[in-house]
Amino acid sequence: MRGTVTIIDKGNVRVHSYTAPDTALNVTTQLIETPSRLIAVDAQVTVADADEVVEYAKGLGKPLDRLIITHAHPDHYQGAHRFNAPIHALAVTRDEMAARGDLTDPTGIPVPAAETAPTNLITPGTEVIDGVPFVFEAVSGGETTDQLLIRLPEHGVLVAQDLVYHHTHAFVGNNDIARWQDILQELVDPAYDTVLPGHGLPAGQAVFAEMAEYLKTAQELLGDDGQAYKQAIIERFPSYGSPFVIDIGNYYLFGTPLF
């Protein structure tokens with residue numbers, strides 16, 4: 001297996017958290033196993049990793065009820081069509097995905113927009129799925145313009161996705177670090193002992209302070225030279241994975257070529 005699966009048992013809910021390898025940005029897909037079905041959250045940057053998630057899901061012996069896309073960054077939905085499940089997203093995310101058009105995954109596989117387009121819209125609020133309350137919240141600003149946050153309040157699970165990176169370098173290309181810091185402060189809540197990031201392995205409440213420190217450092221180091229920033233942030237966080245994420249951010253911030 002290319003990726004790493006972490007299993008978290010929460011009683012009648014079990015989380016299977018698939019984190020892709022460093023070469024695939026450590027993107028994390030959450031498979032939330034309820035009593036009789038599976039709910040997937042985000043769909044990987046490469047088709048190969050999406051296929052690996054789907055193959056793992058088949059081994060759980062329960063139908064895949066839906067795939068939820070939390071935001072319109074391609075690394076979280078380029079493998080969506082491989083899940084063969086209804087695709088759910090906020091209306092704004094659907095529109096942002098449509099605006100990106102057809103894409104190509106990092107290995108050169110075409111990703112037609114029509115095949116990844118959400119067909120079911122999420123309305124913020126509580127939805128009970130297979131007897132389990134899911135609380136959907138729309139968040140604006142921070143890592144991206146619009147993002148979905150999911151809470152499982154009865155199980156202490158916070159599906160934060162790209163509002164949190166865990167020991168991987170973060171995309172700051174949205175240039176909205178101050179707002180991101182505010183969001184992190186708002187999310188601190190000991191009632192949620194399991195925090196699921198969009199990049200990296202599952203974490204606990206300590207991840208919010210770690211993420212805040214990373215963003216504070218990024219804000220201090222950012223200047224007008226993307227390569228200097230990349231070198232400096234790696235020196236400060238040498239054990240963090242997926243440095244190519246910094247290059248992607250630099251492309252948006254400084255126009256630095258990716259290749």
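**Entry 1. The largest pocket**

I looked up the lining of the largest pocket first: it has 27 residues, and Leu25, Val45, Asp75, Phe244 and Ile248 lie nearest its centre. The elements that give two or more residues to this lining are β7 (103–104), β13 (157–165) and α7. Of these, α7 gives the most, with five residues. By class I noted 15 nonpolar, six polar and six charged residues in the lining. Here Ala, Val, Leu, Ile, Met, Phe, Trp, Tyr, Cys and Pro count as nonpolar, Asp, Glu, Lys and Arg as charged, and the others, Gly among them, as polar. The space in the largest pocket is about 620 Å³.

I wrote down the pocket rule: on a 1 Å grid over the protein atoms alone, a pocket is an open set of points where a 1.4 Å probe fits, with protein on both sides within 12 Å along at least five of seven lines. Lining residues have an atom within 4 Å of a point. Points are joined across faces, edges and corners, and the volume is the space filled by probe spheres set on them. Helices (H or I, at least four residues) and strands (E, at least two) are DSSP runs, numbered from the N terminus.

**Entry 2. What I am working from**

This is a predicted model, where local features need pLDDT of at least 70, side-chain atom pairs count only at pLDDT 80 or more, and totals for chains, interfaces and linings use all residues. Residues are numbered from 1 along each chain as its sequence is written, and side-chain values use heavy atoms, with hydrogens and water left out.

**Entry 3. A surface patch**

I then checked the surface for nonpolar side chains. Phe244, Tyr251, Tyr252, Leu258 and Phe259 form a nonpolar patch there, with about 580 Å² of accessible area together. Such a patch takes residues with over 30% relative accessible area and no salt bridge, and joins nonpolar side chains (Val, Leu, Ile, Met, Phe, Trp, Tyr) within 5 Å. Areas come from the Shrake-Rupley method with a 1.4 Å probe, and for residues only the protein chains shown count as cover.

Tyrosine 251 sits in helix α7 (residues 244–254). Is tyrosine 251 buried, partly exposed or exposed? Tyrosine 251 is partly exposed, at 43% relative accessibility. The cut-offs are under 20% for buried, over 50% for exposed, and partly exposed in between.

**Entry 4. Salt bridges**

I counted 13 salt bridges. The rule is a side-chain nitrogen of Lys or Arg within 4 Å of a carboxyl oxygen of Asp or Glu.

Aspartate 51 pairs with arginine 82, with the closest N and O atoms 2.7 Å apart. Aspartate 51 is in helix α1 (residues 47–58) and arginine 82 in the loop between β5 (64–68) and β6 (87–90), so this pair ties together parts 31 residues apart in sequence. Aspartate 51 is partly exposed at 29%. Arginine 82 is partly exposed at 34%.

Which residues does arginine 66 pair with? One is aspartate 65, at 2.6 Å between the closest N and O atoms. Another is glutamate 127, at 3.1 Å, N to O. Glutamate 127 lies in strand β10 and arginine 66 in strand β5, so the pair ties together parts 61 residues apart in sequence. Arginine 66 is buried at 8% relative accessibility. Aspartate 65 is partly exposed at 22%, and glutamate 127 is partly exposed at 31%. Arg37, Asp65, Arg66 and Glu127 are linked in a network of salt bridges.

**Entry 5. Backbone and loops**

Most residues other than glycine have a negative phi. I found aspartate 130 with a positive phi, near 55 degrees. Aspartate 130 is in the loop between β10 (125–129) and β11 (132–140). Histidine 167 also has a positive phi, near 55 degrees. Histidine 167 is in the loop between β13 and α4 (177–187), and is partly exposed at 39%.

Threonine 168 is found in the loop between β13 and α4. Threonine 168 is buried, at 4% relative accessibility.

Last, I looked up serine 36, in the loop between β3 (28–33) and β4 (38–41). Serine 36 is partly exposed at 35%. The C-alpha atoms of serine 36 and proline 63 are separated by 7.7 Å, and the two are 27 residues apart along the chain.

Note on methods: Patches are made of residues with over 30% relative accessible area and no salt bridge: like charges are joined within 9 Å, nonpolar side chains (Val, Leu, Ile, Met, Phe, Trp, Tyr) within 5 Å. Buried means under 20% relative accessible area, exposed over 50%, partly exposed in between (1.4 Å probe, protein chains only).
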